[in-house]
Amino acid sequence: MRKKLKFGGRKVEPDVRMLYDMEEVVYDKDWLKGAENVPLYFMYRDLYKQGDEKRIKERGLRYDITVIPPKMLGKEYVKTKGHFHETAKNMTYPELYGVLEGSAHYLLQKGRGEEAERTVLVKAEKGDKVIIPPGYGHITINPTSEKLKMANWVFRNFDSVYGPIVEKGGAAWFETDEGFKRNDNYSKVPELEVFKASENDQFEGEIYSLIEDPGKLDFLSSPEQNKKVFEDLEFF
Ligand SMILES: [Fe+2]
């Protein structure tokens with residue numbers, strides 16, 4: 001199951017997220033009791049094509065691909081574990097996603113304490129791009145019966161912060177075969193605001209090619225100097 005990915009002439013091994021790495025954040029605990037510890041998704045990190053490594057690293061960037069095969073976790077659609085990002089000056093680092101195959105639901109939430117202050121779902125199809133703006137934790141859901149393959153650009157020098165979502169037993173919402181269910185471990189969860197990714201499209205082409213014009217990725221390393229990128233998002 002540790003399938004290598006060929007990228008830029010190299011074969012890359014994934015980091016594998018196993019079901020038991022996710023047990024705190026799975027909705028269907030009855031199903032989990034009897035479930036085997038299977039691989040859920042595959043993260044191919046720090047990819048580059050020949051000749052690009054230097055300029056990617058000089059800009060402090062990292063390009064990754066994540067593959068999430070379809071699966072039901074009992075009643076819930078397969079998803080990533082979910083995290084927040086560390087803070088750059090006054091804002092947390094943002095992230096840029098591009099869907100390469102399949103469809104994704106990006107669940108964004110503001111507030112990493114008792115209350116979820118705001119919850120946003122961005123629906124994305126192949127070719128769509130989604131910016132995770134500063135201040136939002138995020139999880140990715142594959143709500144389909146097809147494989148989801150997605151790419152991301154992100155600033156390479158911060159750690160992801162998993163604690164707040166793990167402590168709450170997941171993000172503020174769970175996407176299940178009976179629709180979205182509120183996570184009652186939060187004292188307050190506002191209505192889920194739903195958007196389509198195409199309405200937020202600020203970039204053309206597949207996101208790897210942005211390294212040809214790397215100034216367009218400066219918002220990832222210096223969000224406070226590039227606020228316009230986020231202000232232009234319909235949902236921000
Ligand atoms: Fe992230």
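What follows is a walk from the whole chain to the core, the sheets and a few loop residues.

Modeller: Happy to. Bear in mind that this is a predicted model, where local features need pLDDT of at least 70, side-chain atom pairs count only at pLDDT 80 or more, and totals for chains, interfaces and linings use all residues. Residues are numbered from 1 along each chain as its sequence is written.

Let's start with the whole thing. The protein has five helices and 20 strands; these are DSSP runs numbered from the N terminus, helices being H or I with at least four residues and strands E with at least two. Its radius of gyration is 17 Å, close to the 18 Å that the globule rule gives for 236 residues, so the protein is as compact as a globular protein of that length. (That radius is taken over C-alpha atoms, and the rule is 2.2 Å times the number of residues to the power 0.38.) Along its principal axes, the C-alpha trace spans about 50 × 40 × 30 Å. Of the 236 residues, 37% count as buried. Buried means 20 or more other C-beta atoms within 10 Å of the residue's own, exposed means 12 or fewer, and partly exposed is in between, with C-beta atoms placed from the backbone.

Now the part you asked about. The largest nonpolar core has 52 residues, and Y106, V130, W153 and L220 have the most contacts inside it. Such a core is a set of buried Ala, Val, Leu, Ile, Met, Phe, Trp, Tyr and Cys residues joined through C-beta atoms within 7 Å. Strand β16 (residues 148-155) gives the largest share of this core, six residues. Leaving out residues up to four places away in sequence, L220 touches L61, Y93, P94, L96, W153, V154 and F155; a contact means two C-beta atoms, placed from the backbone, within 7 Å.

Strand β16 also sits in an open sheet of six strands, ordered β3-β4-β5-β16-β11-β14, with antiparallel pairing. Two strands pair if DSSP finds at least two bridges between them. At the edges are β3 (15-18) and β14 (129-132), each pairing on one side only. On average, neighbouring strands here are turned by 25° against each other, direction ignored; the axes are lines fitted to C-alpha atoms, for helices over the stretch in contact, and angles run from 0 to 180 degrees between N-to-C directions. Four bridges link β11 (residues 95-101) and β14 in the antiparallel sense, and E95 stands opposite I132 in β14.

There is also an open sheet of four strands, β15-β12-β13-β20, with mixed pairing. Its edge strands are β15 (136-141) and β20. Strand β12 (residues 103-110) runs antiparallel to β15, with six bridges between them; H105 has I141 as its bridge partner in β15.

Last, some loops. S187 lies between β19 (179-182) and β20 (192-196), and S187 is exposed, with 9 other C-beta atoms within 10 Å. Beyond its neighbours within four places in sequence, S187 contacts E114 and E115. D46, in the loop between β4 (39-44) and α2 (53-58), has a positive phi near 60° without being a glycine.
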